[in-house]
Amino acid sequence: MQVYSRRLPSIKQLQYFLAVCEERNFRKAAAKLGISQPPLSVQIKELENKLNSKLLIRNTQHVLLTKEGEIFREETIKLMGKLCQLTNSFQSVESRKVIIGMTKTLSFDFIPIFKQFLSDFKENSIIYKDDYTSKELIIELQKKNMDFAVVSYHPIEDNKIFYRLIHQEPMVLAIPESHTASKNEYIDLNDVMDLPLYWFNRYVNPIYYDQCEQAFKNLLFPLIRRAELPDTLSMLLDISLGRGMLFIPKSNTRADVPGVVYKKLIPYFEKKFLIDIFLVWKEAALNNEHAQSVIDCFNK
């Protein structure tokens, strides 16, 4: 078979297969890889089709390897081991740079402390290009795909990860320009209770979700919540029509949508809804010569 054949398995498929072999459970393997279960199942199915062999037998709880699966697992481990050795042998200048992942929650170019950091470390760092959430970045960090991550929550369940609070981002409220409260310099949430709030699911960030929900309990009236739409622009367009309101990090308020105004919250609520931003890393990251400088940068 030629090396360019489409019948060859991809590296991703081999990695997915090994994850299932290690966990013996598709759900746990998907969590380990930082993906949902359906794409994992699709990739494993495609791998079996390419090999024209049944590798796994699964039920709702467990996964068993067939005889062919056992043989393929052993050979895949050898192959991936050689690939890792080959990759590690090519230590370019780029590989010695600090790799940093930054959550897509904020626009860091508009936050002075991060703008300065990105400027100071431009020559010695690589920004992880994928558009990841904080949870996904933590998974990438655990997989050693980066040295540091800047995230909107810290993984308290993992004592092997170090973290440091480096910033608190204020939230502003996007409301319809037609609403009477839009004329106020600062917004008291009790004055906009007639508007439903676009709100996220708790699993996205349980700590911040609970922090906000605690504040909502002190409102004069029950808050109406509406499920978030797939993208911010769609929600802002809805808000321009008077259909709701939305919390937005201050650094993300660059979209100028007619009919929408961004308003600061009164100090009481601003304090309640601050987003904690953490620098997180594993001990192994300190082997990089630039790592301590990154940490010290946020000690100022």
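Leaving aside its neighbours within four places in sequence, which residues is Phe216 in contact with (heavy atoms within 4.5 Å)? They are Leu189, Leu197, Trp199, Leu223, Arg225, Phe247 and Phe273.

This is a predicted model, where local features need pLDDT of at least 70, side-chain atom pairs count only at pLDDT 80 or more, and totals for chains, interfaces and linings use all residues. Residues are numbered from 1 along each chain as its sequence is written, and side-chain values use heavy atoms, without hydrogens and water.

Phe216 also belongs to the largest nonpolar core, among the residues with the most contacts inside it. Such a core is a set of buried Ala, Val, Leu, Ile, Met, Phe, Trp, Tyr and Cys residues joined through side-chain atoms within 4.5 Å. Buried means under 20% relative accessible area (1.4 Å probe, protein chains only). A second core is separate.

| Core | Residues in core | Members include |
|---|---|---|
| Largest | 47 residues | Leu173, Leu189, Phe216, Phe247, Phe273 |

Now to helix H3 (residues 37-51; helices are DSSP runs of H or I, at least four residues). Leu40, Gln43, Ile44, Leu47 and Glu48 are buried there. They cover an arc of only 135° around the axis (from directions to the C-beta atoms), so they lie on the same side of H3. Just after H3, Asn52 has a positive phi of about 55°.

Strand S3 (residues 98-102; strands are DSSP E runs, at least two residues) has 4 of its 5 residues buried. S3 runs parallel to S4 (residues 125-127), joined by 3 bridges. Ile99 stands opposite Ile126 in S4. S3 also runs parallel to S5 (residues 148-151), again with 3 bridges. Here Ile100 faces Phe148.

Conventions: Buried < 20%, exposed > 50% of the residue type's maximum accessible area, 1.4 Å probe, protein only. Contact = heavy atoms within 4.5 Å. Expected span 1.5 Å × (residues − 1). Pairing = 2+ DSSP bridges.
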